[in-house]
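Let's take a walk through this structure together, one stop at a time. Have the sequence and the 3D view ready as you read.

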Amino acid sequence: MIAQLNATHALADRLFFASGPNKMPVVRIRNSHASAEIHLHGAHLTDYQRQGEKPVLWMSREAYFEASKPIRGGVPICWPWFGMPKESGERPQHGFVRNRQWSVERTRDTEEGTEITFSIGSTPDSIALWPHRFKLTYQLTIGRSLKMELSFQNTGDKPAEVGAALHTYFAVSDAAEIRVTGLDHRQYLDQLDGLSTKVQVGDVTIAEEVDRIYIDTEDECVIHDPAWNRRLRVAKEGSRSTVVWNPWIEKSKRMPDFPDDGYHGMVCIETTNAAGDTRLIQPGDTHRLMQSVTPEPA
Ligand code: TA6
(Lines give C-alpha, C1' and ligand atoms only; values in the text may rest on other atoms or scores of the structure.)
Protein backbone atom coordinates (compact mmCIF):
# COMPACT_ATOMS: atom_id res chain seq x y z
CA MET A 1 0.00 0.00 0.00
CA ILE A 2 2.78 2.46 0.93
CA ALA A 3 4.65 1.70 -2.30
CA GLN A 4 1.49 2.21 -4.33
CA LEU A 5 0.73 5.51 -2.57
CA ASN A 6 4.28 6.74 -3.23
CA ALA A 7 4.15 5.63 -6.84
CA THR A 8 0.90 7.54 -7.39
CA HIS A 9 1.13 10.58 -5.09
CA ALA A 10 4.68 11.21 -3.81
CA LEU A 11 6.11 14.64 -4.63
CA ALA A 12 9.89 14.29 -4.95
CA ASP A 13 11.47 15.33 -1.65
CA ARG A 14 8.42 17.22 -0.40
CA LEU A 15 5.76 14.57 0.18
CA PHE A 16 6.05 10.84 0.77
CA PHE A 17 4.17 8.02 2.50
CA ALA A 18 5.59 5.81 5.22
CA SER A 19 4.58 3.30 7.86
CA GLY A 20 3.78 5.08 11.10
CA PRO A 21 2.97 3.90 14.66
CA ASN A 22 1.48 0.40 14.66
CA LYS A 23 2.36 0.31 10.94
CA MET A 24 -0.53 2.67 10.15
CA PRO A 25 0.11 4.62 6.93
CA VAL A 26 1.15 8.24 7.30
CA VAL A 27 2.06 10.98 4.85
CA ARG A 28 5.01 13.20 5.70
CA ILE A 29 5.34 16.63 4.11
CA ARG A 30 8.32 18.95 4.25
CA ASN A 31 8.81 22.10 2.19
CA SER A 32 10.64 25.40 2.56
CA HIS A 33 7.82 26.77 4.74
CA ALA A 34 6.84 23.95 7.12
CA SER A 35 6.56 20.25 7.81
CA ALA A 36 3.54 18.12 8.65
CA GLU A 37 2.38 14.56 9.27
CA ILE A 38 -1.06 13.16 8.50
CA HIS A 39 -2.39 9.68 9.27
CA LEU A 40 -4.69 8.15 6.66
CA HIS A 41 -6.65 6.91 9.68
CA GLY A 42 -9.19 9.67 10.12
CA ALA A 43 -7.19 11.86 7.67
CA HIS A 44 -5.79 12.95 11.01
CA LEU A 45 -3.24 15.76 11.01
CA THR A 46 -0.89 15.04 13.91
CA ASP A 47 1.90 17.56 13.30
CA TYR A 48 2.34 20.95 11.68
CA GLN A 49 5.26 23.27 12.34
CA ARG A 50 6.99 25.98 10.41
CA GLN A 51 10.71 25.54 9.75
CA GLY A 52 12.70 26.54 12.85
CA GLU A 53 9.56 27.08 14.97
CA LYS A 54 7.74 25.14 17.67
CA PRO A 55 4.95 22.67 16.81
CA VAL A 56 1.57 24.34 16.37
CA LEU A 57 -0.41 21.22 17.33
CA TRP A 58 -0.45 19.31 20.62
CA MET A 59 -0.28 15.53 20.57
CA SER A 60 -0.89 13.20 23.51
CA ARG A 61 2.12 11.03 24.31
CA GLU A 62 -0.44 8.38 25.25
CA ALA A 63 -2.46 8.58 22.02
CA TYR A 64 -3.92 5.39 20.57
CA PHE A 65 -2.98 4.42 17.03
CA GLU A 66 -5.59 1.72 16.50
CA ALA A 67 -8.04 1.20 13.64
CA SER A 68 -11.15 1.51 15.79
CA LYS A 69 -10.10 4.46 17.99
CA PRO A 70 -9.57 8.20 17.41
CA ILE A 71 -6.08 9.64 17.79
CA ARG A 72 -5.77 12.02 20.77
CA GLY A 73 -4.42 15.40 19.72
CA GLY A 74 -3.71 17.05 16.38
CA VAL A 75 -6.93 17.66 14.43
CA PRO A 76 -9.62 14.98 14.74
CA ILE A 77 -12.41 15.42 12.17
CA CYS A 78 -15.77 15.21 13.91
CA TRP A 79 -18.51 14.38 11.38
CA PRO A 80 -21.48 13.95 10.71
CA TRP A 81 -22.29 15.00 14.27
CA PHE A 82 -20.50 16.93 17.01
CA GLY A 83 -20.66 15.48 20.53
CA MET A 84 -23.13 12.70 21.22
CA PRO A 85 -25.82 12.20 18.53
CA LYS A 86 -29.46 12.82 19.31
CA GLU A 87 -30.39 9.20 18.79
CA SER A 88 -29.00 6.75 21.33
CA GLY A 89 -27.47 3.37 20.48
CA GLU A 90 -23.94 2.50 19.43
CA ARG A 91 -23.21 5.78 17.70
CA PRO A 92 -19.74 7.04 18.62
CA GLN A 93 -19.10 10.48 20.07
CA HIS A 94 -18.12 13.05 17.42
CA GLY A 95 -19.28 10.89 14.52
CA PHE A 96 -17.51 8.06 12.77
CA VAL A 97 -15.12 9.40 10.11
CA ARG A 98 -12.25 10.03 12.55
CA ASN A 99 -12.22 6.26 13.19
CA ARG A 100 -11.99 5.23 9.55
CA GLN A 101 -9.25 5.15 6.93
CA TRP A 102 -9.54 7.75 4.21
CA SER A 103 -8.24 7.58 0.63
CA VAL A 104 -5.76 9.96 -1.01
CA GLU A 105 -7.29 11.77 -3.99
CA ARG A 106 -4.56 14.22 -5.06
CA THR A 107 -1.27 15.81 -4.09
CA ARG A 108 0.27 18.90 -5.66
CA ASP A 109 2.36 21.99 -5.04
CA THR A 110 0.60 25.36 -5.02
CA GLU A 111 1.75 28.94 -4.43
CA GLU A 112 0.56 28.58 -0.82
CA GLY A 113 2.44 25.34 -0.16
CA THR A 114 2.07 21.57 -0.51
CA GLU A 115 -1.53 20.42 -0.87
CA ILE A 116 -3.02 16.97 -0.23
CA THR A 117 -6.67 15.98 -0.64
CA PHE A 118 -8.25 13.02 1.15
CA SER A 119 -11.72 11.57 0.65
CA ILE A 120 -14.17 9.16 2.20
CA GLY A 121 -17.66 8.13 1.15
CA SER A 122 -20.68 6.38 2.59
CA THR A 123 -20.65 2.59 2.92
CA PRO A 124 -23.28 0.08 4.04
CA ASP A 125 -21.96 0.20 7.61
CA SER A 126 -21.91 4.01 7.65
CA ILE A 127 -25.48 4.06 6.34
CA ALA A 128 -26.42 1.73 9.20
CA LEU A 129 -25.04 4.38 11.58
CA TRP A 130 -26.36 7.40 9.63
CA PRO A 131 -28.91 6.87 6.84
CA HIS A 132 -27.39 9.18 4.24
CA ARG A 133 -25.09 8.84 1.24
CA PHE A 134 -22.22 11.31 1.17
CA LYS A 135 -18.80 12.15 -0.18
CA LEU A 136 -16.41 13.95 2.14
CA THR A 137 -13.22 15.57 0.88
CA TYR A 138 -10.56 17.12 3.09
CA GLN A 139 -7.91 19.35 1.57
CA LEU A 140 -4.88 20.41 3.61
CA THR A 141 -2.38 23.03 2.50
CA ILE A 142 0.95 23.03 4.31
CA GLY A 143 2.71 26.40 3.95
CA ARG A 144 3.38 29.59 5.95
CA SER A 145 -0.18 28.95 7.09
CA LEU A 146 -1.99 25.68 7.72
CA LYS A 147 -5.26 25.48 5.81
CA MET A 148 -7.86 22.74 6.34
CA GLU A 149 -11.00 22.53 4.18
CA LEU A 150 -13.66 19.90 4.81
CA SER A 151 -16.29 19.69 2.08
CA PHE A 152 -19.28 17.45 2.47
CA GLN A 153 -21.51 16.63 -0.50
CA ASN A 154 -24.92 15.08 -0.02
CA THR A 155 -24.95 12.39 -2.73
CA GLY A 156 -28.24 10.97 -1.52
CA ASP A 157 -31.84 11.80 -2.41
CA LYS A 158 -32.98 13.34 0.88
CA PRO A 159 -31.84 16.32 2.97
CA ALA A 160 -29.19 15.52 5.61
CA GLU A 161 -28.60 17.50 8.82
CA VAL A 162 -24.88 17.61 9.55
CA GLY A 163 -22.77 18.69 12.51
CA ALA A 164 -18.97 18.88 12.28
CA ALA A 165 -15.78 20.06 13.93
CA LEU A 166 -12.16 20.54 13.01
CA HIS A 167 -11.33 19.65 16.60
CA THR A 168 -7.92 21.33 16.72
CA TYR A 169 -5.57 20.77 19.69
CA PHE A 170 -3.14 23.71 19.81
CA ALA A 171 0.21 23.48 21.62
CA VAL A 172 0.79 26.27 24.15
CA SER A 173 3.50 27.08 26.70
CA ASP A 174 1.02 26.87 29.60
CA ALA A 175 -2.76 26.92 29.31
CA ALA A 176 -2.94 29.00 32.49
CA GLU A 177 -0.74 31.71 30.93
CA ILE A 178 -2.30 32.18 27.49
CA ARG A 179 -5.37 34.17 26.49
CA VAL A 180 -7.70 33.87 23.51
CA THR A 181 -9.09 36.99 21.87
CA GLY A 182 -11.91 37.30 19.35
CA LEU A 183 -14.84 36.03 21.41
CA ASP A 184 -15.50 39.04 23.67
CA HIS A 185 -19.26 39.71 24.15
CA ARG A 186 -20.14 36.46 22.35
CA GLN A 187 -22.74 34.14 23.84
CA TYR A 188 -21.71 30.58 24.59
CA LEU A 189 -23.35 27.35 25.71
CA ASP A 190 -21.56 26.03 28.79
CA GLN A 191 -21.17 22.26 28.38
CA LEU A 192 -20.23 22.09 32.07
CA ASP A 193 -23.40 23.79 33.25
CA GLY A 194 -26.28 22.12 31.45
CA LEU A 195 -25.58 23.98 28.19
CA SER A 196 -26.72 27.18 29.91
CA THR A 197 -26.27 30.32 27.81
CA LYS A 198 -23.64 32.76 29.09
CA VAL A 199 -21.78 35.78 27.72
CA GLN A 200 -18.02 36.02 27.29
CA VAL A 201 -16.53 39.04 29.03
CA GLY A 202 -13.09 39.97 27.71
CA ASP A 203 -10.45 37.48 26.65
CA VAL A 204 -10.88 33.75 27.23
CA THR A 205 -8.45 32.56 29.91
CA ILE A 206 -8.11 29.10 31.47
CA ALA A 207 -7.90 28.36 35.20
CA GLU A 208 -10.29 25.37 35.35
CA GLU A 209 -12.02 22.97 32.95
CA VAL A 210 -13.46 24.93 30.03
CA ASP A 211 -15.91 23.38 27.55
CA ARG A 212 -17.88 26.02 25.67
CA ILE A 213 -19.72 26.27 22.37
CA TYR A 214 -19.59 29.92 21.30
CA ILE A 215 -22.55 30.69 19.06
CA ASP A 216 -23.34 33.22 16.30
CA THR A 217 -19.68 33.92 15.67
CA GLU A 218 -17.73 33.96 12.43
CA ASP A 219 -14.88 35.63 14.26
CA GLU A 220 -11.20 34.98 13.96
CA CYS A 221 -9.64 33.89 17.25
CA VAL A 222 -6.07 34.57 18.30
CA ILE A 223 -4.18 32.52 20.89
CA HIS A 224 -1.70 34.86 22.62
CA ASP A 225 1.25 32.93 24.04
CA PRO A 226 3.83 35.43 25.34
CA ALA A 227 6.07 32.79 26.94
CA TRP A 228 6.61 31.27 23.49
CA ASN A 229 6.65 34.73 21.92
CA ARG A 230 3.91 33.79 19.49
CA ARG A 231 0.34 34.31 18.46
CA LEU A 232 -1.70 31.69 16.61
CA ARG A 233 -4.28 33.34 14.35
CA VAL A 234 -7.24 31.00 13.77
CA ALA A 235 -9.62 32.06 10.99
CA LYS A 236 -12.60 30.14 9.62
CA GLU A 237 -15.29 29.97 6.94
CA GLY A 238 -18.55 28.01 6.79
CA SER A 239 -18.95 28.07 10.56
CA ARG A 240 -20.90 30.17 13.03
CA SER A 241 -19.85 28.27 16.15
CA THR A 242 -16.47 27.88 17.86
CA VAL A 243 -15.66 25.43 20.65
CA VAL A 244 -13.05 26.19 23.32
CA TRP A 245 -11.97 23.23 25.45
CA ASN A 246 -9.41 22.45 28.08
CA PRO A 247 -10.08 19.37 30.28
CA TRP A 248 -8.01 20.70 33.22
CA ILE A 249 -7.09 18.36 36.07
CA GLU A 250 -9.94 15.93 36.79
CA LYS A 251 -11.10 15.28 33.22
CA SER A 252 -7.50 14.74 32.12
CA LYS A 253 -7.27 11.95 34.69
CA ARG A 254 -10.44 10.35 33.33
CA MET A 255 -9.13 10.02 29.77
CA PRO A 256 -6.78 7.00 29.42
CA ASP A 257 -5.14 8.40 26.26
CA PHE A 258 -4.58 11.85 27.79
CA PRO A 259 -1.65 12.37 30.21
CA ASP A 260 -2.71 13.58 33.67
CA ASP A 261 -0.55 16.70 33.19
CA GLY A 262 -1.45 17.12 29.51
CA TYR A 263 -3.88 19.97 30.14
CA HIS A 264 -0.99 22.36 30.79
CA GLY A 265 0.26 22.24 27.23
CA MET A 266 -2.87 22.50 25.11
CA VAL A 267 -6.04 24.33 24.29
CA CYS A 268 -8.66 23.31 21.74
CA ILE A 269 -10.06 26.03 19.49
CA GLU A 270 -12.45 24.16 17.22
CA THR A 271 -14.08 25.43 14.04
CA THR A 272 -17.48 23.78 14.17
CA ASN A 273 -21.01 23.40 12.90
CA ALA A 274 -22.31 22.61 16.39
CA ALA A 275 -25.40 23.26 18.52
CA GLY A 276 -27.76 25.51 16.50
CA ASP A 277 -25.16 25.74 13.72
CA THR A 278 -25.74 22.28 12.25
CA ARG A 279 -26.38 22.49 8.48
CA LEU A 280 -29.21 20.96 6.45
CA ILE A 281 -27.60 19.82 3.19
CA GLN A 282 -30.01 19.31 0.31
CA PRO A 283 -29.47 16.42 -2.14
CA GLY A 284 -26.55 17.26 -4.45
CA ASP A 285 -25.45 20.26 -2.38
CA THR A 286 -22.06 20.70 -0.70
CA HIS A 287 -21.07 22.51 2.52
CA ARG A 288 -17.49 23.68 3.10
CA LEU A 289 -15.98 24.09 6.56
CA MET A 290 -12.57 25.78 6.60
CA GLN A 291 -10.03 26.63 9.29
CA SER A 292 -6.72 28.37 8.69
CA VAL A 293 -3.93 28.81 11.25
CA THR A 294 -1.15 31.37 10.91
CA PRO A 295 1.62 31.59 13.53
CA GLU A 296 2.95 35.12 14.14
CA PRO A 297 5.52 36.61 16.51
CA ALA A 298 3.79 37.92 19.67
O1 TA6 B 1 -14.81 19.59 21.94
C2 TA6 B 1 -14.93 19.41 23.32
C3 TA6 B 1 -15.46 18.01 23.60
O4 TA6 B 1 -16.76 17.86 23.14
C5 TA6 B 1 -15.33 17.77 25.11
O6 TA6 B 1 -16.59 17.69 25.72
C7 TA6 B 1 -14.54 16.45 25.18
O8 TA6 B 1 -15.41 15.35 25.19
C9 TA6 B 1 -13.72 16.55 23.89
O10 TA6 B 1 -14.64 17.03 22.93
C11 TA6 B 1 -13.00 15.29 23.48
O12 TA6 B 1 -13.92 14.33 23.03
P13 TA6 B 1 -13.31 12.86 22.60
O14 TA6 B 1 -14.49 12.06 22.13
O15 TA6 B 1 -12.30 13.12 21.50
O16 TA6 B 1 -12.64 12.34 23.84
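Helices (H or I, at least four residues) and strands (E, at least two) are DSSP runs, numbered from the N terminus. What you see is a predicted model, where local features need pLDDT of at least 70 and side-chain atom pairs count only at pLDDT 80 or more, while totals for chains, interfaces and linings use all residues. Residues are numbered from 1 along each chain as its sequence is written, and side-chain values use heavy atoms, with hydrogens and water left out.

Let's start with Asn31, which sits in the loop between strand 2 (25–30) and strand 3 (34–39). Is Asn31 buried or exposed? Buried means under 20% relative accessible area, exposed means over 50%, and partly exposed is in between (1.4 Å probe, protein chains only). Asn31 has a relative accessible area of 13%, so it counts as buried. Leaving aside neighbours within four places in sequence, Asn31 is in contact with Gln51, Gly113, Thr114 and Ile142.

The side chain of Asn31 also makes polar contacts (a pair of N or O atoms within 3.5 Å; within protein, one must be able to donate a hydrogen and the other to accept it, and residues adjacent in sequence count only if both atoms are side-chain atoms). A polar atom of that side chain lies 2.8 Å from the backbone nitrogen of His33, and the side chain reaches the backbone oxygen of Ile142 at 2.9 Å.

Next, the interior. A nonpolar core is a set of buried Ala, Val, Leu, Ile, Met, Phe, Trp, Tyr and Cys residues joined through side-chain atoms within 4.5 Å. The largest one here has 64 residues, and Trp79, Trp102, Ile116, Phe118, Tyr138 and Leu150 have the most contacts inside it. Strand 8 (residues 134–143) gives the largest share of this core, five residues. Take Leu150 as an example: beyond its neighbours within four places in sequence, its contacts include Ile77, Trp79, Trp102 and Tyr138.

Now find the ligand. Which residues are around it? They are Arg72, Phe82, Gln93, His94, Arg98, His167, Asp211, Val243, Trp245, Lys251 and Glu270, where being near means that a heavy atom of the residue lies within 4 Å. This shell divides into three nonpolar, three polar and five charged residues. In this count, Ala, Val, Leu, Ile, Met, Phe, Trp, Tyr, Cys and Pro are nonpolar, Asp, Glu, Lys and Arg are charged, and the others, Gly among them, are polar.

Zoom in on oxygen atoms of the ligand: a side-chain N or O atom of Arg72 is 2.9 Å from one, and a polar side-chain atom of Glu270 lies 2.8 Å from one.

Most residues other than glycine have a negative phi, and most peptide bonds are trans. The bond from Trp79 to Pro80, though, is cis, with omega near 5 degrees. His185 isn't a glycine, yet its phi is positive, near 70 degrees. His185 lies in the loop between strand 13 (179–181) and strand 14 (187–190), and is exposed because its relative accessible area is 64%. Asp216 has a positive phi too, of about 50 degrees, and with a relative accessible area of 46% it is partly exposed.

Methods. Contact means heavy atoms within 4.5 Å.
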